[in-house]
Amino acid sequence: MKKECIAMLLAGGQGSRLYVLTENMAKPAVPFGGKFRIIDFPLSNCANSGIDTIGVLTQYRPLELNRYIGNGQPWDLDRSDGGVHILPPYQSAKGATWFKGTANAIYQNIGFVDMYDPDYVLILSGDHIYKMDYAAMLAHHKRVHADCTIAVMEVPWDEASRFGIMNVDGEDTITEFEEKPKQPRSNLASMGIYVFSWKKLRAYLIADENDADSSNDFGKNIIPAMLNAGEKMSAYRFEGYWKDVGTLDSLWDANMDMLAQGSGLNLLDKDWPIYARAESEPPAYLGETAEVDHSVVTRGSEVEGAVRNSVLSQRCTVAEGAEVEYSILMPGAVVERGARVAYAILGENVRVGENARVGASPEAAPPEEWGITVVGPEAQVEAGRTLKANRMLNREGKEMVR
C-alpha cells in the first residue's frame, strides 16, 4: 500500500556513553521519567503527527526493545496497512551483516521502504527526548521543494563546536555543513532528524554503498555528498525542548528538567501525549512515614521514607528511614531502611542495603571530583557500604570512577 511518508527509526545504538545502564539493553530501551522509555518519544511523535508506518532498525542487544515495542499497540501502530516493524540487520545468503553506519542501515532496508513506495522518508534517532510535529516539518519540506530537510535548533555559541553546524542563507537553505567546527559561523545545530525525498535519497544510498572509502553515515557522507552535488537542502528550525540523552549526565539532566517548571518538557500535555506500554501495576502506596516533595512516584511503588526532587519508576521501594534526593530510580529499585541516595541513577532492580550511602550532593566533594553516581541494573549495594560521588557500580559489584 502506497504511503506518502514513512519513518525509519535508528534504534540500534550500543549507548556506550551510558556505560553500565546499557550493558544488556539498547539505549532507546532505557527507562525515562518514571513510566516511559526513551523510544516512546519518537514513536509518540510519529503517532501524533499522523505517520503510521515506521521501521525500527535494531542491532545492539535488541531483546528488551523488541519486547517493549511488541505490535505497536500503545502508540496506535498495530496496523495491517503499515504499523511498526522491527528491522534487524539484513540476513543475506552469506549470513548476517551488522549495520556499518546510519546510511548503511537504511540501505540494507531499501526493500522495506520500496514496499510502501513513499514520496518521502523521515529519518529519526532513538535517543532524543523531545516533542515535535513531523507533519509540520514535512509540510515545510514540500513547500520549499527540498530534496533534504534537516531539523535544526539554535544552541549557545559557546557550545556550537560540539555539534554538526548548518550554515544557511537568508531563506534557510543550507549552504554548508560543518561537523564540530572549532570556529563556528552559525549556531544552528543539526538534531539528526531528516526528511528526504525518497527517490533522491535512494540513489545516494546506493552510490554511498558502492564507495569503499565511505563511513556509510548520514552526517559524514550522505549530507555532504548531496550538498556538493547542489541538491536543495533546507533547514527546519525547531524551538521546543530537545535533549540528546546519550550520556549519564544528560539522562539525569533530562529527568530533572521534567520536574522543573519552565524547562519546556511538559509530559502532562494532553494535546501532545507521550504514549508508553502500560504495565499492570497497583497504585503507588505512600505510608504514614512517607515524605514526598517535588517528585514523580509511579504505579506499583511503595514509599515509607523521604523522596525529594526525584523520579521513581514502577515497583520502586523506599523503606522507612531511607532518603532519596535528586535521583532517578528505574523499575524495581529498592532503597532499604536508613540508606541515603543522592544525585544518583539506580538501574533496574538495584538494591541499596540498609544504612548504605550512594552518591553525594555537589557541596560534599571538590568540583573536579563530583559527579552523578550510577548503579547498574541488578547490582547490589551492600548494607553499610558507601559509594561516593562520581562512581559507577556494575552488577558484579565492581566499582569504577566515572
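Modeller: In helix H1, the buried residues are Asp40, Phe41, Pro42, Leu43, Ser44, Asn45, Cys46 and Ser49. Buried means under 20% relative accessible area, exposed over 50%, and partly exposed in between, with a 1.4 Å probe and protein chains only. Helices (H or I, at least four residues) and strands (E, at least two) are DSSP runs, numbered from the N terminus. H1 spans residues 40-49 and is mostly covered, with eight of its 10 residues buried. After H1 comes Gly50, which has a positive phi, near 80°.

This is a predicted model, in which local features need pLDDT of at least 70 and side-chain atom pairs count only at pLDDT 80 or more, while totals for chains, interfaces and linings use all residues. Residues are numbered from 1 along each chain as its sequence is written, and side-chain values use heavy atoms, with hydrogens and water left out.

A disulfide is a pair of cysteine sulfur atoms within 2.5 Å, and a search of the whole structure finds zero of them. Cys5 is in no disulfide, and its nearest cysteine sulfur, that of Cys46, is 8.4 Å away. Cys5 is buried, at a relative accessible area of 10%. For Cys148, the closest cysteine sulfur is in Cys5, 13 Å away, which is too far for a bond. Cys148 is buried as well, with a relative accessible area of 0%.

Strand E10 covers residues 148-154 and is joined to E13 by six bridges, the two running antiparallel. Two strands pair if DSSP finds at least two bridges between them. Glu154 stands opposite Leu188 in E13. Strand E8 (residues 120-125) is also antiparallel to E13, with four bridges; there Leu122 has Val195 of E13 as its bridge partner. E13 itself, residues 188-197, is mostly covered: nine of its 10 residues are buried.

A cavity is a set of points, on a 1 Å grid over the protein atoms alone, where a 1.4 Å probe fits but cannot get out; lining residues have an atom within 4 Å of a point. The structure holds one cavity of 30 Å³ or more, and the largest cavity has about 60 Å³ of space, a volume being the space filled by probe spheres set on the points, which are joined across faces, edges and corners. Its lining includes Pro31, Gly34, Lys35, Phe36 and Arg37.

Terms used: 1 Å grid on protein atoms, 1.4 Å probe; cavity = no way out; pocket = protein on both sides within 12 Å on 5 of 7 lines; lining within 4 Å.
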